[in-house]
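Okay, thanks everyone, I'll keep this short. Let me put the structure up, and then we'll go through the ligand site and the nonpolar cores.

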Amino acid sequence: MMKVTKDTRVLVLTGAGISAESGLKTFRDAGGLWENHRVEDVATPEAFRRAPVMVWNFYKERWQQALQAKPNPGHLALAKLENWLQDNFHLITQNVDGLHTAAGNKRVIEMHGSLHTCFCTRCHTRFPMKDINLEEDIPLCPKCKGMLRPDVVWFGEVPYHLDKIDALLHNCDVFMVVGTSGVVYPAAGFVMTARYFGAHTIAVNLNPMENSEFIDEFYQGKAGEILPRLIDEWINSADK
Ligand code: OAD
């Protein structure tokens with residue numbers, strides 16, 4: 001096991017698996033979101049152009065679910081890790097549920113956007129979802145009456161903050177991936193980049209992952225059970 005101290009630069013990447021124990025569906029597991037929805041019907045710019053009401057309904061529902069969800073012990077363990085490491089900690093998430101922030105993490109990069117905001121397709125202003133009248137089939141911009149859209153990155157769009165992420169991948173000592181299947185790029189390639197630039201790589205996942213050849217240390221199981229144990233072990237053995 002890798003020894004982690006206060007001076008270790010730790011970068012974490014999370015996916016839908018970390019929120020599964022908060023009651024939110026993953027995408028590709030049995031009963032996952034992509035079992036009932038075709039990706040191309042709800043998560044592409046073409047879908048929004050063709051059927052904006054259907055796309056809005058999908059995201060309104062997911063926003064409501066995210067509002068009701070609470071951080072689980074996996075999220076809370078990562079907040080504890082950041083509290084210990086401070087500036088040596090960064091968290092990249094593919095999740096749009098906002099649960100890392102709710103758990104208390106501050107250095108969070110939401111590379112696929114957020115369910116809690118939307119933006120205007122005409123004037124590009126961002127608004128908190130809670131300030132928008134979601135009774136409208138297609139909510140309109142309070143400023144310019146343009147069509148609003150969810151602030152999530154769709155397939156075929158470029159994820160947010162890639163420059164910052166690239167710099168972090170080149171400058172971390174430990175790169176840990178949690179609850180992600182490793183099939184959606186560019187996120188699936190981060191573990192390879194981090195390792196190439198010298199990081200020790202760790203994965204915590206319920207099932208073996210697609211990109212497992214780049215993982216040095218693998219913990220199979222639930223994030224909510226493994227992360228609290230692993231992180232406590234790091235903190236306790238560093239103090240000795
Ligand atoms: P997936 O649904 O593809 O993968 C979730 C992973 O979490 C699987 O490998 C599960 O085995 C694992 N898992 C499930 N429960 C777990 C638990 N309690 N603890 C640990 N692991 C668990 O979700 P993502 O990899 O996040 O993108 O998907 C990546 C992207 O594809 C998403 O951000 C989304 C999706 O399409 C967009 O919408 C752009």
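So, starting at the ligand: glycine 179 has a backbone N or O atom 3.3 Å from one of the ligand's oxygen atoms. Do keep in mind that this is a predicted model.

How much of the ligand does the protein bury? On its own the ligand exposes 800 Å², and 95% of that gets buried by the protein.

At phenylalanine 27, a polar backbone atom sits 2.8 Å from a ligand oxygen. With arginine 28 the side chain takes part: one of its N or O atoms is 2.6 Å from an oxygen of the ligand. Stepping back, there are 24 residues around the ligand, and the ones that come nearest are Ala16, Phe27, Arg28, Thr180 and Ser181.

In soluble globular proteins, nonpolar side chains tend to be buried together. Here, the largest nonpolar core has 24 residues, and Trp56, Tyr59, Leu115, Cys118, Leu148 and Trp154 have the most contacts inside it. Which elements supply at least two residues each? That would be α2 (33-36), α4 (45-50), α5 (52-68), β4 (113-120) and β6 (148-152). The one giving the most is α5, with six residues.

Let me zoom in on tyrosine 59. If you skip its neighbours within four places in sequence, tyrosine 59 is in contact with Val42, Ala43, Leu115, Pro150, Val152 and Trp154.

And apart from that core there's another one, with 23 residues, including Val4, Leu81, Trp84 and Leu227.

That's it from me, happy to go back to any of it.

Conventions: Residues numbered from 1 in each chain as written. Predicted model: local features only at pLDDT ≥ 70, side-chain atom pairs only at ≥ 80, totals over all residues. Heavy atoms only, no water. Core = buried A, V, L, I, M, F, W, Y, C linked by side-chain atoms within 4.5 Å. Buried < 20%, exposed > 50% of the residue type's maximum accessible area, 1.4 Å probe, protein only. Helix = DSSP H or I, 4+ residues; strand = E, 2+ residues; numbered from the N terminus. Contact = heavy atoms within 4.5 Å. Near = heavy atom within 4 Å. Polar contact = N/O pair within 3.5 Å; in protein donor to acceptor, adjacent residues only side chain to side chain. Areas by Shrake-Rupley, 256 points an atom, 1.4 Å probe, with all protein chains shown as cover.
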